[in-house]
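Dear colleague,

I am passing on the structure we talked about, with notes on what turned up in it. Please have the sequence and the model open while you read.

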Amino acid sequence: MSCDPQPDASGVARFGLSADQQAQLSALLELLRSDEHAPSAIRDPAQAIGAHVADSLAALDIDAVRGASRLADLGSGAGFPGIALAVALPASEVILIESNRRRCEFLARMCAAAALGNARVVCARVEEWSEGLSRSDVVLARALAPQAVVLEYAAPLLRMGGRLVDWRGRRRPEEESAAAKAAEALGLRRVEVRRVGPFQGADEHHLHVFAKDDETPERFPRRAGMARKRPLGD
């Protein structure tokens with residue numbers, strides 16, 4: 001079964017990936033299809049090329065992502081957006097942060113399948129990953145948690161001037177209002193909400209971009225679980 005990326009309706013062709021990069025993406029899609037432990041409801045390559053790969057690569061339209069030396073993908077799960085962006089940005093280091101052991105093992109298989117030398121898996125809760133504090137140019141989060149929670153996870157990992165890119169669906173004013181309050185407490189500022197249509201049939205998809213303008217207070221990150229239990233901005 002061929003799962004080579006095709007230019008029709010997938011939303012991938014416009015990024016001008018090389019033949020080698022397309023082969024890497026094909027390897028990822030084949031493992032997603034064949035691995036019984038793949039943590040995704042969308043595993044058919046014909047669907048996954050849009051719903052996972054093109055959706056991930058939509059972030060390449062953001063200058064800060066294309067120019068990042070180090071990206072951290074929070075709650076990587078099945079590897080998107082982090083692994084897809086590692087393929088597209090071979091000169092960048094991509095850290096895949098995941099707390100579930102089985103998912104970490106799957107991510108390692110994905111990296112091996114695509115022969116990725118610029119991606120590595122960190123099997124830990126993001127709040128406990130002290131090695132990553134203030135070191136990332138860009139933090140990525142896709143379908144991870146309420147936005148105020150994502151901001152609290154991301155802010156301590158960003159260097160000054162770094163960017164968070166948070167994948168969201170339909171805009172929710174109440175959630176965005178809570179996130180704005182959380183951002184202020186964390187040294188972050190929303191700079192853009194970009195509507196994207198990464199693949200045929202994608203509706204109401206948005207990338208929310210935040211900049212780190214001030215140092216995050218030392219009390220962050222709070223201990224594991226507190227961001228969800230007592231979210232900022234409520």
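Is Cys104 buried or exposed? Cys104 is buried, with a relative accessible area of 7%, where buried stands for under 20% relative accessible area, exposed for over 50% and partly exposed for what lies in between, computed with a 1.4 Å probe on protein chains only. Before going further, please keep in mind that this is a predicted model, in which local features need pLDDT of at least 70 and side-chain atom pairs count only at pLDDT 80 or more, while totals for chains, interfaces and linings use all residues. Residues are numbered from 1 along each chain as its sequence is written, and side-chain values use heavy atoms, with hydrogens and water left out.

To stay with the cysteines, Cys104 is joined to Cys123 by a disulfide with an S to S distance of 2.4 Å, a disulfide being a pair of cysteine sulfur atoms within 2.5 Å, and by this rule the count comes to one. The torsion about the S-S bond is about 100 degrees, so the disulfide of Cys104 and Cys123 is right-handed. Because Cys104 lies in helix H5 and Cys123 in strand S3 (residues 119-123), the pair ties together parts that are 19 residues apart in sequence; helices (H or I, at least four residues) and strands (E, at least two) are DSSP runs, numbered from the N terminus. Cys123, at 45% relative accessibility, counts as partly exposed. Cys111 is buried at 8%, but its sulfur is 11 Å from the closest cysteine sulfur, that of Cys104, which is too far for a bond.

Helix H5 (residues 101-113) also packs against helix H1 (residues 19-34), at an angle of about 145 degrees and with the axes 8 Å apart; the axes are lines fitted to C-alpha atoms over the stretch in contact, and angles run from 0 to 180 degrees between N-to-C directions. The contact (heavy atoms within 4.5 Å) is made by Ala27, Leu28, Leu31 and Leu32 of H1 and by Phe106, Arg109, Met110 and Ala113 of H5.

Lastly, Ser40 sits in the loop between H1 and helix H2 (45-57) and is buried, with a relative accessible area of 16%. Its side chain makes a polar contact with the side chain of His52 at 2.9 Å, and the side chain of Ser40 also reaches the backbone oxygen of Ile42 at 3.0 Å. A polar contact here is a pair of N or O atoms within 3.5 Å; within protein, one must be able to donate a hydrogen and the other to accept it, and residues adjacent in sequence count only if both atoms are side-chain atoms.
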